[in-house]
Amino acid sequence: EEMKFVKETLIRATVDKVFGFHQRPDVLQLLMPPWEKADIVQPPTGLEVGTRVIFNVWLMGLVPSQWVAEHTAYDPPHMFEDTQISGPFSSWCHRHMFIKHEEGTVLRDEIDFEPPLGFLGEFVAPFLIVPNIQRMFDHRHDVTKKFCEDPDDPSA
């Protein structure tokens, strides 16, 4: 059973600036929450279709898993998408959207996913998986907002 997660944040910066932040070579390190046990084995060379990123992750901090994601759509500066090729979820497709707003940009993350472990995964998802995704994306949006709205950081 596919589930959906959506997170939106208004960022007071242009679409080009917010999209550009996601093109930084160090963006994954910047966005990775400090509590998340994950190592970037292969960072992406860009956001274009076909580029891949590989992580070693520890699910719930306990179970090691390798996550391979590939960029599967790219429409700068409006959207890019990555899809899990192999990893902890039965399926995972993440669209990063950058929507022009009169006060700046709405950053919208949409994730369609199927939890692992079939019925058991679906049962525990609302208590374990979804809150973890929510916490991770709250952090990612906070970091993105801070970098993109910082007048002292021309590189962001």
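These are my notebook entries on a predicted model.

**Ground rules**

I number residues from 1 along each chain as its sequence is written, and I leave hydrogens and water out, with side-chain values resting on heavy atoms. The model is predicted, so I ask for pLDDT of at least 70 for local features and 80 or more for side-chain atom pairs, while totals for chains, interfaces and linings use all residues.

**Entry 1: the sheet**

I started with the strands. I took helices (H or I, at least four residues) and strands (E, at least two) as DSSP runs, numbered from the N terminus. I count two strands as paired if DSSP finds at least two bridges between them. Strands of a sheet pair through backbone hydrogen bonds, either parallel or antiparallel.

I then looked at strand 2 and strand 3 (residues 52-59). They run antiparallel and are joined by four bridges. Asp 39 faces Asn 56 of strand 3.

**Entry 2: Ile 11**

Ile 11 belongs to strand 1. Buried or exposed? I call a residue buried under 20% relative accessible area, exposed over 50% and partly exposed in between (1.4 Å probe, protein chains only). Ile 11 has 0% relative accessibility, so it is buried. I also checked its separation from Glu 102: 91 residues in sequence, 11 Å in space, C-alpha to C-alpha.

**Entry 3: helix 1**

Which residues of helix 1 are buried? I list Val 15, Val 18, Phe 19, Phe 21 and His 22. They cover an arc of only 155° around the axis, so they sit on the same side of helix 1. The arc is that of the directions from the helix axis to the C-beta atoms. An α-helix has 3.6 residues a turn, so residues three or four places apart point the same way.

Lys 17 is also in helix 1. Its relative accessibility is 26%, so I log Lys 17 as partly exposed. Lys 17 and Phe 147 are 130 residues apart in sequence, yet 9.8 Å apart in space, C-alpha to C-alpha.

**Entry 4: aromatic rings**

My pairing rule takes rings of Phe, Tyr and Trp (its six-membered ring) with centres within 6.5 Å; planes under 30 degrees apart are stacked, over 60 edge-to-face, the rest tilted. How many aromatic pairs does this give? The count is twelve.

I looked at Phe 19 and Tyr 74 next. Their ring centres are 6.3 Å apart and their planes are at 45°, so I call the pair tilted. The pair links distant parts of the chain, 55 residues apart: Phe 19 is in helix 1 (residues 15-22), Tyr 74 in strand 4 (residues 63-75). Phe 19 is buried because its relative accessibility is 2%. Tyr 74 is partly exposed because its value is 28%.

Phe 19 also pairs with Phe 80. That pair is edge-to-face, with 6.1 Å centre to centre and 85° between the planes. It too links distant parts of the chain, as Phe 80 lies in strand 5 (residues 79-86), 61 residues from Phe 19 in helix 1. Phe 80 is buried at 3%. One aromatic cluster holds Phe 19, Tyr 74, Phe 80 and Phe 98.

I also found Arg 135 over the face of Trp 35, 3.8 Å from the ring centre. My test for such a charge is NZ of Lys or CZ of Arg within 6 Å of the ring centre and within 35 degrees of the ring normal.

**Entry 5: cysteines**

I searched for disulfides (cysteine sulfur atoms within 2.5 Å). I found zero. Cys 93 is buried at 18% relative accessible area. Cys 148 is buried at 2%.

**Entry 6: backbone checks**

Where is the cis peptide bond? It joins Pro 76 and Pro 77, with omega about -5°. Pro 77 sits in the loop between strand 4 and strand 5.

Leu 117 has a positive phi, near 70°, and is not a glycine. I place Leu 117 in the loop between strand 7 (104-114) and helix 3 (118-149). Leu 117 is exposed, with 66% relative accessible area.
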